[in-house]
Amino acid sequence: MAAVTKSGVTSVYYTSAALFLILGTLGAEIKSVQSQTCMQDITNLNVCAHFVLPGQGVALPSTECCSALQRVDPSCICNTLRIAARIPRACSLPALTCGN
């Protein structure tokens, strides 16, 4: 077996650190792209406004609305709703209480 020299250990350390840095940067870039995609997908749901807003009297969503919703990742919708539910507390307002 070959012994690991001090310079060999240092080299492995720096290589590992560089790899960690690259993977961390890549992960941040992927998250940024996913966030931008989610924001765009949520924006595309504006075609569903007539179905979602109270008092509009629309019983069924349009084909465009269904198509836009189909393109949105479920985690994007859930995360958006979680964030929206925290806004009143952040504004020092009472928490949302929704009925059925």
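The chain has four helices and zero strands, where helices (H or I, at least four residues) and strands (E, at least two) are DSSP runs numbered from the N terminus. Read from the N terminus on, the elements follow the order α-α-α-α. The structure is a predicted model, in which local features need pLDDT of at least 70 and side-chain atom pairs count only at pLDDT 80 or more, while totals for chains, interfaces and linings use all residues. Residues are numbered from 1 along each chain as its sequence is written, and side-chain values use heavy atoms, with hydrogens and water left out.

Confidence is given as pLDDT, the predictor's confidence in each residue on a scale from 0 to 100. The chain averages a pLDDT of 74, and 65% of the residues score at least 70. Among the elements of the chain, the lowest mean pLDDT, 61, belongs to H1, whereas the highest, 93, belongs to H3.

The accessible surface of the chain comes to about 8600 Å², and carbon and sulfur atoms account for 66% of that surface; accessible areas come from the Shrake-Rupley method with a 1.4 Å probe, and for residues only the protein chains shown count as cover. Of the 100 residues of the chain, 9% count as buried, a class defined by under 20% relative accessible area, with exposed meaning over 50% and partly exposed in between (1.4 Å probe, protein chains only).

Two disulfides are present in the structure, a disulfide being a pair of cysteine sulfur atoms within 2.5 Å. One of them joins cysteine 38 to cysteine 76, with an S to S distance of 1.9 Å. The torsion about the S-S bond of cysteine 38 and cysteine 76 is about 85°, and the disulfide is therefore right-handed. Because cysteine 38 lies in helix H1 (residues 6-44) and cysteine 76 in helix H4 (residues 74-90), this pair ties together parts that are 38 residues apart in sequence. Cysteine 38 and cysteine 76 are both buried.

The other link joins cysteine 48 to cysteine 65, with an S to S distance of 2.0 Å, and with 110° about the S-S bond this disulfide is right-handed. Cysteine 48 is placed in the loop between H1 and helix H2 (49-52), and cysteine 65 in helix H3 (residues 63-70), so the pair ties together parts that are 17 residues apart in sequence. Both cysteine 48 and cysteine 65 are buried. When the bonded cysteines of the chain are numbered in sequence order, the pairing reads 1-4, 2-3. Cysteine 66, by contrast, is in no disulfide, and the nearest cysteine sulfur, that of cysteine 65, is 5.4 Å away. Cysteine 66 counts as partly exposed, at 40% relative accessibility, and cysteine 91 is partly exposed as well, with a relative accessible area of 48%.

Residues up to four places away in sequence being set aside, aspartate 41 touches Arg71 and Val72, contact meaning heavy atoms within 4.5 Å. The C-alpha atoms of aspartate 41 and valine 72 are separated by 5.6 Å, although these residues are 31 residues apart along the chain.

In the loop between H2 and H3 lies proline 61, which counts as partly exposed at 30% relative accessibility. Proline 61 touches Phe51 and Cys66, again without counting residues up to four places away in sequence. Between the C-alpha atoms of proline 61 and phenylalanine 51, which are 10 residues apart along the chain, the separation is 5.4 Å.

Serine 92 is found in the segment after H4 and is exposed, with a relative accessible area of 68%. The phi angle of serine 92 is near 60°, a positive value in a residue other than glycine.
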